[in-house]
Amino acid sequence: MIPEFPDAKVALKGKKGLIVGIANDQSIAWGCAKAFRALGADLAVTYLNERAKKHVEPLAQGLKSPIFMPLDVMVEGQVEQVFERIAKEWGQLDFLLHSIAFSPKEALHGRVVDVGRDGFLKTMDVSCWSFMRMAHLAEPLMKKGGTIFTMTYYGSQMVVENYNVMGVAKAALEAAVRYLAAELGPKGIRVHAISPGPLATRAASGIPDFDELMDKAQSKAPTRSLVSIDDVGNATAFLALDGAKLITGGVLYIDGGYHIID
């Protein structure tokens with residue numbers, strides 16, 4: 001018997017997803033949101049604050065997002081409000097994309113050995129703990145299983161010049177992915193860390209000499225090319241499909257193979 005294959009254009013039809021981290025049309029989260037939507041998913045979209053809203057709202061409208069809310073993980077209660085609304089309006093969540101990170105300038109630009117306690121805690125709070133908190137809130141909404149994504153970077157595994165304390169936070173984030181995958185796996189919930197190569201995003205602009213990092217990645221990667229937000233989005237969306245139901249707990253590198261080169 002010849003197997004039937006689902007239409008790729010509606011592979012996520014009826015699925016509900018939350019996208020956290022769109023800042024503008026250059027954001028990795030935007031590339032992922034477009035890919036999810038192209039496969040038929042309904043998306044809830046958040047924006048950081050009123051200043052960011054004007055950049056994100058037209059994008060959310062383009063996605064026909066029925067839920068559009070502010071979400072600053074450093075504001076008490078905002079994370080919970082987003083999940084409460086999803087529970088009320090949808091009653092389910094099939095996938096969650098966490099694509100946020102932050103480190104105060106004085107912490108990010110200095111040596112790791114010199115980082116102060118407050119800077120370290122803020123870096124870990126936004127870049128790692130917020131992911132764990134969202135996974136906790138997503139769990140009861142993923143009644144039939146689901147997929148949880150977060151964004152990491154090669155600097156979690158190797159010392160990357162100027163990445164500094166963010167490398168420490170991303171290492172913790174990747175460890176969290178492994179533990180959450182083990183804990184949530186019995187419920188059919190997969191957990192993934194996505195590790196794109198260098199991308200010219202707003203977040204990356206805070207890293208000194210980032211252009212040099214991109215030039216190095218392009219010249220050394222086996223594919224001799226830089227990754228785009230659409231490349232990241234398409235690969236991430238694949239992991240939300242039923243065909244990827246037995247993939248969990250790992251780091252997916254989308255960097256043209258740069259991570260394998262010495």
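**Close-up views of a predicted model**

Buried residues of α6 pack against α4 (105-108), α5 (117-138), β5, β6 (189-196) and β7 (251-254). This is a predicted model, where local features need pLDDT of at least 70 and side-chain atom pairs count only at pLDDT 80 or more, while totals for chains, interfaces and linings use all residues. Residues are numbered from 1 along each chain as its sequence is written, and side-chain values use heavy atoms, with hydrogens and water left out.

**View 1. Helix α6 and its buried residues.** Helices (H or I, at least four residues) and strands (E, at least two) are DSSP runs, numbered from the N terminus. With 20 residues, α6 reaches 28 Å from its first C-alpha to its last, close to the 28 Å expected at 1.5 Å a residue (the expected span is 1.5 Å times one less than the number of residues). Among its buried residues are Val165, Lys170, Leu173 and Leu184; buried means under 20% relative accessible area, exposed over 50%, and partly exposed in between (1.4 Å probe, protein chains only).

**View 2. Two tyrosines from a UniProt record, Tyr153 and Tyr163.** An unreviewed UniProt entry gives both the feature "active site"; such positions follow the numbering used here, feature names are shortened, and annotations may be inferred rather than shown by experiment. Tyr153 sits in the loop between β5 (146-151) and α6 (165-184), and Tyr163 is in the loop between β5 and α6 too. Tyr153 is buried, at a relative accessible area of 8%, and Tyr163 is buried at 8%. Setting aside residues up to four places away in sequence, Tyr153 touches partners including Tyr163, Lys170, Glu174 and Leu213; contact means heavy atoms within 4.5 Å.

**View 3. Ser27, Val73 and Ile100, from the "binding site" annotation.** The unreviewed UniProt entry also lists Gly21, Ile28, Asp72 and Lys170 under this name. Ser27 belongs to the loop between β1 (16-20) and α1 (28-38). It's buried, with a relative accessible area of 7%, and, beyond its neighbours within four places in sequence, Ser27 meets Gly21, Ile22 and Ile229. Look for Val73 in the loop between β3 (67-70) and α3 (78-89), buried at 18%. Ile100 is in the loop between β4 (95-98) and α4. Leaving out neighbours within four places in sequence, Ile100 is in contact with residues including Gly21 and Val73.
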